[in-house]
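The chain is shown first.

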Amino acid sequence: MFSHIFVGADDVAVSKKFYDAVLGAIGVPEGKADPKGRVFYRTPTGILGISKPIDGNAATHANGGTIGFACDSPEKVKAFHDAGVANGGKTIEDPPGWREGGAARLYLSYLRDPYGNKICALHRG
């Protein structure tokens with residue numbers, strides 16, 4: 001359904017360091033900058049972009065929004081979380097672990113990136 005997701009950052013280099021770490025922990029290659037200074041993480045299943053806001057205002061996070069990253073093991077979810085905390089992110093909600101909900105069993109971790117965007121790593125058990 002989605003072709004790409006963008007998050008805003010006042011300092012793209014700070015966000016690149018953070019996303020290189022968390023996405024690298026789950027096997028996504030380092031982000032690449034374009035001539036406009038935006039950074040892109042390209043995978044067969046979608047693209048994440050980081051950019052200074054085009055309107056010139058300060059970057060803000062989406063209240064109520066979450067960007068979820070699929071992982072193929074609980075260990076990758078934990079590595080994502082640990083890399084995020086070590087690179088300027090903040091752990092939020094419950095610690096990484098299994099959650100039961102309806103018919104699904106999920107291993108999840110939640111973080112805020114350096115600009116407050118809520119991100120999640122998820123493994124379906």
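**Burial, contacts and rings**

Me: Is Asp34 buried or exposed?
Reply: The relative accessibility of Asp34 is 18%. Buried means under 20% relative accessible area, exposed means over 50%, and partly exposed lies in between (1.4 Å probe, protein chains only). Asp34 therefore counts as buried.

Me: What kind of model is this?
Reply: Residues are numbered from 1 along each chain as its sequence is written, and side-chain values use heavy atoms, with hydrogens and water left out. Local features need pLDDT of at least 70, side-chain atom pairs count only at pLDDT 80 or more, and totals for chains, interfaces and linings use all residues, this being a predicted model.

Me: In what order do the elements of the chain run?
Reply: Helices (H or I, at least four residues) and strands (E, at least two) are DSSP runs numbered from the N terminus. The chain has two helices and nine strands. Read from the N terminus on, their order is β-α-β-β-β-β-α-β-β-β-β.

Me: Which side chain does that of Asp34 join in a polar contact of 2.5 Å?
Reply: Asp34 lies in the loop between strand 2 (32-33) and strand 3. A polar contact is a pair of N or O atoms within 3.5 Å; within protein, one must be able to donate a hydrogen and the other to accept it, and residues adjacent in sequence count only if both atoms are side-chain atoms. A polar atom of the Asp34 side chain lies 2.9 Å from the backbone nitrogen of Lys36. The side-chain partner at 2.5 Å is Arg38.

Me: How is Arg38 classed by its relative accessible area?
Reply: Arg38 is found in the loop between strand 2 and strand 3. Setting aside neighbours within four places in sequence, Arg38 is in contact (heavy atoms within 4.5 Å) with Phe6, Lys32, Ala33, Ile50 and Ser51. Its relative accessible area is 26%, so Arg38 is partly exposed.

Me: How many aromatic pairs are there?
Reply: Rings of Phe, Tyr and Trp (its six-membered ring) pair if their centres lie within 6.5 Å; planes under 30 degrees apart count as stacked, over 60 as edge-to-face and the rest as tilted. By this rule, the count of aromatic pairs is five.

Me: Why is the pair of Phe18 and Tyr19 classed as it is?
Reply: The centres of the two rings, Phe18 and Tyr19, are 5.0 Å apart. Their planes stand at 85°, so the pair is edge-to-face.

Me: Which residue forms a tilted aromatic pair with Tyr19?
Reply: Tyr19 has 0% relative accessibility and so counts as buried. Its tilted partner is 6.5 Å away, centre to centre, with 50° between the planes. This pair links distant parts of the chain, with Tyr19 in helix 1 (residues 12-24) and its partner in strand 3 (residues 39-43), 22 residues apart.

Me: Over which ring does the charged end of Arg105 sit?
Reply: A charge sits over a ring if NZ of Lys or CZ of Arg is within 6 Å of the ring centre and within 35 degrees of the ring normal. Arg42 lies over the face of Phe40, at 4.7 Å from the ring centre. For Arg105 the charged end is 4.0 Å from the centre of the ring of Trp98.

Me: How far apart in space are Gly64 and Asn117, C-alpha to C-alpha?
Reply: Gly64, in the loop between strand 4 (46-51) and strand 5 (67-70), has 76% relative accessibility and so counts as exposed. Asn117, in the loop between strand 8 (104-112) and strand 9 (118-124), is buried, with a relative accessible area of 8%. The two residues are 53 apart in sequence, and their C-alpha separation is 9.6 Å.

Me: What radius of gyration does the chain have?
Reply: The radius of gyration is taken over C-alpha atoms, and the globule rule is 2.2 Å times the number of residues to the power 0.38. With 125 residues, a compact globule would come near 14 Å. The value for the chain agrees with this, at 14 Å.

Me: What share of the residues of the chain counts as buried?
Reply: Among contacts between residues at least 6 apart in sequence, 61% join residues at least 24 apart. Of the 125 residues, the buried share is 43%.
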